[in-house]
Each structure stands twice: as structure tokens, then as C-alpha cells.
Amino acid sequence: MLLLGCKKEKNVVQETGGYCFASNFGGLGQLFKSSGNQQLDYWHYGEYNNLVQRFGVIPDIYFYDDGNSPNAYFTPQISNNQYPDGQVAIGLNWIKKEFANSPTNSGVSIAIIMAHEFAHCVDAKYKVYNTHSYRNELFADFLAGCYLHLKSMIIGEQYVNEVANSFYAIGDYAFNDPRHHGTPAQRVSCLMEGYKFSKSKVGVGYQLPEAISNARNYVARF
Ligand SMILES: [Zn+2]
């Protein structure tokens, strides 16, 4: 079974709430390859390798100092030809916040946020959408839900609610705001629909194009 990245608009930085497409990372300040914590780095790069295999995309990945605006970003801009599918940056404060709010102390929602960024990478690579709107975000949530299922097959289903709660917390209600990610309910709905889709394929398997097409169809209702 194969399975399975945010896009562009402008330089972001001050924006909160998980908006994650950037035309480049120029506004993020210094980018780091290490979080400064060896154990976290080990976990992080293990998750990265899993995501590369599942999503079939190879973005470069960094940490950055997100200060008081916990966030994560994807940009399609390539800075190193070894990583042809753009770049992902994960905020160090976001990681801390997710760990602090993790009842299981597993920080499992970080893996799913990383999956959301990888899904933006898939969106950009396969040109799923021509423009950027909340649909790109909901699409990424659906694919992140597929990854959540694949992950739960390995670590158990006890983490699913924790991830859903985390997604609920990062949704927003700013309907007139172009940075809108989808309401919390829409985000959780797409996440869980991706989860269900992947679960329905146990024993049959599925490839990325099928997941993309199911995600697009589901997101079109919003
Ligand atoms: Zn996003």
C-alpha cells in the first residue's frame, strides 16, 4: 500500500492558526536542521522518512523559530536539487505547544501536521488545484487523515482522538479572510474522512492517485 505539504500567497510570518503556504521561506528567519534536542530529531527524521515513502514526494525539511505564532509551512520553492518537491518548515514553538497539549505525551499530532505539509507538497507536485483557498487546506487535512490511519495501524488507534482535537483547535472561523483554513468542524470532517477512506482499503491497498481523487471529491462539498 502506498500512500501517501501549504503553497504560496505571500511572505507570511505573523499569521497564526496554521496557514502554511509561502512563496518562499525568506520571512521565516534562520532555518535549522536540528531542533536542539537529539531525541526529538531522531523521531522527527524517522517520521520524515515515513512520509517520503507514503506520499512519494521529497521536500527539504527544516525547523524555524516561530516565536509567538506557532505554525508550520510549505513552499514549492526549491533550494536544493536533491529535494525536488519544495521545502517544509516546522515551528519549534508549535512542537512545544503540541507536546504540552498532548494527553498521551506522544506529540502524535505533530506527525499529522507534518503529513498535512507533505500533502501540500503533493498538491503542488500534481497541480491538484489552480488557485489557493481553504480547499487546499481541507485537501491536505484529508490526506493527513489517510496518514493518521496508516500510522494508527502501527501505533494503535488510541491516538486518533488526540489528533482530531488538535485539528479542531487549529481550525478558524475567518470566512472572509483569504488565509482561512476551513472551520474546525470542516477540518476534522476532512481529517476523519481521509482516515475512513484509508481504513476502508485495508486488505485491498490503494495508491496515491486514488487518495487524491477521493480527497478532491470530498472537499468539493465545502
Ligand atoms: Zn496547510
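The largest nonpolar core in this predicted model has 57 residues, where such a core is a set of buried Ala, Val, Leu, Ile, Met, Phe, Trp, Tyr and Cys residues joined through C-beta atoms within 7 Å. Ile112, Ala115, Phe118, Ala119, Phe139, Leu143 and Ala144 touch the most other members. Helix α3 gives the largest share of this core, with 12 residues. As for the word "buried", it applies when 20 or more other C-beta atoms lie within 10 Å of a residue's own; 12 or fewer makes it exposed, anything in between partly exposed, and the C-beta atoms are placed from the backbone.

Two notes on reading the model. Residue numbers start from 1 along each chain as its sequence is written. Because the model is predicted, local features need pLDDT of at least 70 and side-chain atom pairs count only at pLDDT 80 or more, while totals for chains, interfaces and linings use all residues.

Now step back to the whole chain. It has seven helices and four strands, these being DSSP runs (H or I and at least four residues for helices, E and at least two for strands) numbered from the N terminus. Along the sequence they follow the pattern β-α-β-β-β-α-α-α-α-α-α. Of the 222 residues, 46% are buried.

Back to α3, then. Since 17 of its 18 residues are buried, α3 is largely enclosed by the rest of the structure. Its end C-alpha atoms are 26 Å apart, which agrees with the 26 Å that 18 residues should span at 1.5 Å a residue; the expected span is 1.5 Å times one less than the number of residues.

Which helix does α3 (residues 108–125) come within 10 Å of, axis to axis? That's α1 (residues 38–55), and the axes cross at roughly 40°. Here axes are lines fitted to C-alpha atoms, for helices over the stretch in contact, and angles run from 0 to 180 degrees between N-to-C directions. The crossing is right-handed, that is, the near helix is turned clockwise from the far one by less than a right angle. On the α1 side, Glu47, Leu51 and Phe55 make the contact, and on the α3 side Ala111, Met114, Ala115, Phe118, Cys121 and Val122 do; contact means that C-beta atoms, placed from the backbone, lie within 7 Å.

The loops on either side of α3 are worth a look too. Most residues other than glycine have a negative phi. Asparagine 105, in the loop between α2 (92–100) and α3, has a positive phi of about 60°. Just after α3, lysine 127 takes a positive phi of about 50°, and it sits in the loop between α3 and α4. Are these two buried or exposed? Asparagine 105 is exposed, with 8 other C-beta atoms within 10 Å, and lysine 127 is exposed with 7.

Next comes α4 (residues 134–155), which holds arginine 135. Arginine 135 counts as partly exposed because it has 19 C-beta neighbours inside 10 Å. Leaving aside neighbours within four places in sequence, arginine 135 is in contact with Tyr129 and Val219. Glycine 182 is 47 residues from arginine 135 in sequence, yet 7.7 Å away in space, C-alpha to C-alpha.

Finally, look at α6 (residues 184–200), whose 17 residues should span 24 Å at 1.5 Å a residue; the end C-alpha atoms are 24 Å apart, which agrees. Its buried residues include Val188, Leu191, Tyr195 and Phe197. What covers the buried residues of α6? The cover includes α4, α5 (160–170) and α7 (208–219).

How values were computed:
Contact = placed C-beta atoms within 7 Å.
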